[in-house]
Amino acid sequence: MHKYYSFMKYVKYGKSGLYVSIFALGAMTFGDKNSWKLGGLSQEQTNEMVKRAYDYGINLFDTADVYDEGESEVALGKALKPFRSEVHIATKVRGRSGKGINQIGLSRHHIRESIRESLERLGTDHVEIYQMHSFDYHVPIEETIETFQDLVERGDIDYPAFSNFQAWQMALFNATARENHYEHYHSAQMNYSLLNRDIEQELFPYMQHDTLSLLAWSPLHGGVLSGKYGKNMETKSGTRFGDRGVFPPFDQESAKYILEVAEDVAKEQDCKLANVALSWVISKKAIVLVGARTLEQFEENMKSLDINLTSDQIKRLDEASSDREMYPGWMIKRQDRGRDFEKI
Ligand SMILES: NC(=O)c1ccc[n+]([C@@H]2O[C@H](COP(=O)([O-])OP(=O)(O)OC[C@H]3O[C@@H](n4cnc5c(N)ncnc54)[C@H](OP(=O)(O)O)[C@@H]3O)[C@@H](O)[C@H]2O)c1
């Protein structure tokens, strides 16, 4: 029985019949090879964090074939064994998996090889969500779509999904899927935080139109939105930026003001800056991929479930972090003046 079950909220996953928790646990820090210098959590530490997440009612866990060269999938698969039937795994394909010219991308060859290896590493016979880690300009999309459909029909995956795609690419995939009566692509996993709102301009309208869920990656922007680097981005070893450098990229000048406003809101809410940043992402109806190197960070981040930002606080955060509206977005709005009734 879930200890904290009542705190967690669940939402429908895309157009599917699956309900997923609004917090999902990211497994990028798992795997003690630590080849990407992101965390290097041991199996024991992974078990502990995964169990804690399960106790909070988290039922979605996100990994990728390339995280720690496959070690993240291995560690996550072992940690999920005791409750595999209650939880859902999302993994990814497209990254380089070997030296061969075709051991990368979204070709039939690479997808088939990758799913076989991912299932083996995860110790499971299927994954619920299989995401393309980004678009591949080298492979005809028909080849990728047909291969994904084969995986659905074989029962290797339940739902195909996107990550790091542009809106037109997602629209083309889903239109082709529709024409062929193939499974819909139900979600997009994208970088989204107070420090990067790019996807609001093209992706949000498309995703709303075609009913896709957003899985927000790096919601703390790699830890910057915990406030621990201060406004001058002072890094030290033992932290993501100290060990690995700045990623995801962001505008450090405008970040100073955004951090200032978020700190004010944190004081008003009597919580940590990280909680404000995560709550703001939740307020945009995203599924938040929580990332943590330690159990303490994980616990702190989970407190965001209890934060209810007021509409005034959300407005101030929105204004502080807003980007220039891009063309043709502003022209469409301009020509639509006066039509304030509900859109399709
Ligand atoms: N699809 C993609 O291309 C893509 C890309 C990136 C991530 N992802 C997914 O998104 C998940 C989350 O991404 P992320 O790890 O970058 O998320 P994040 O929340 O932006 O950053 C997490 C990192 O910030 C630091 N941190 C977290 N909570 C903290 C706290 N309360 N106080 C201080 N520092 C804190 C930790 O790093 P340190 O302690 O090491 O500083 C932690 O590892 C990943 O696990 C992965 O599943 C997907």
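Here are some questions and answers about the predicted model above.

Me: How are the residues numbered, and what pLDDT do local features need?
Reply: Residues are counted from 1 along each chain as its sequence is written. Because this is a predicted model, side-chain atom pairs count only at pLDDT 80 or more, totals for chains, interfaces and linings use all residues, and local features need pLDDT of at least 70.

Me: Where does Pro248 sit, and what is the omega of the peptide bond that joins Phe247 to it?
Reply: Pro248 belongs to the loop between helix 7 (240-244) and helix 8 (252-269). Helices here are DSSP runs of H or I with at least four residues, strands are runs of E with at least two, and both are numbered from the N terminus. The bond between Phe247 and Pro248 is cis, with an omega of about -5 degrees.

Me: Which residue is joined to Pro328 by a cis peptide bond?
Reply: Look in the loop between helix 11 (311-321) and helix 12 (329-335), where Pro328 lies. The cis bond there has an omega of about 5 degrees, and the partner of Pro328 is Tyr327.

Me: Is Asp68 buried or exposed?
Reply: Asp68 is in the loop between strand 4 (60-62) and helix 2 (71-80), and has a positive phi of about 50 degrees although it is not a glycine. A residue is buried if 20 or more other C-beta atoms lie within 10 Å of its own, exposed if 12 or fewer, and partly exposed in between, with C-beta atoms placed from the backbone. Asp68 has 26 other C-beta atoms within 10 Å, so Asp68 is buried.

Me: What class, buried or exposed, does His221 fall into?
Reply: His221, in the loop between strand 9 (213-217) and helix 7, is not a glycine, yet has a positive phi of about 50 degrees. Because there are 23 C-beta neighbours inside 10 Å, His221 counts as buried.

Me: How far apart are the C-alpha atoms of Phe204 and Val281?
Reply: Phe204 is in helix 6 (residues 203-209). With 19 C-beta neighbours inside 10 Å, Phe204 counts as partly exposed. Phe204 and Val281 are 77 residues apart along the chain, and their C-alpha atoms are separated by 13 Å.

Me: Which helix gives the most to the shell around the ligand?
Reply: A residue is near a molecule if its C-beta atom, placed from the backbone, lies within 6 Å of it. Of the 28 residues around the ligand, those that come nearest are Gly26, Met28, Leu220, Gly223 and Gly291. The most, three residues, comes from helix 10 (residues 295-302).
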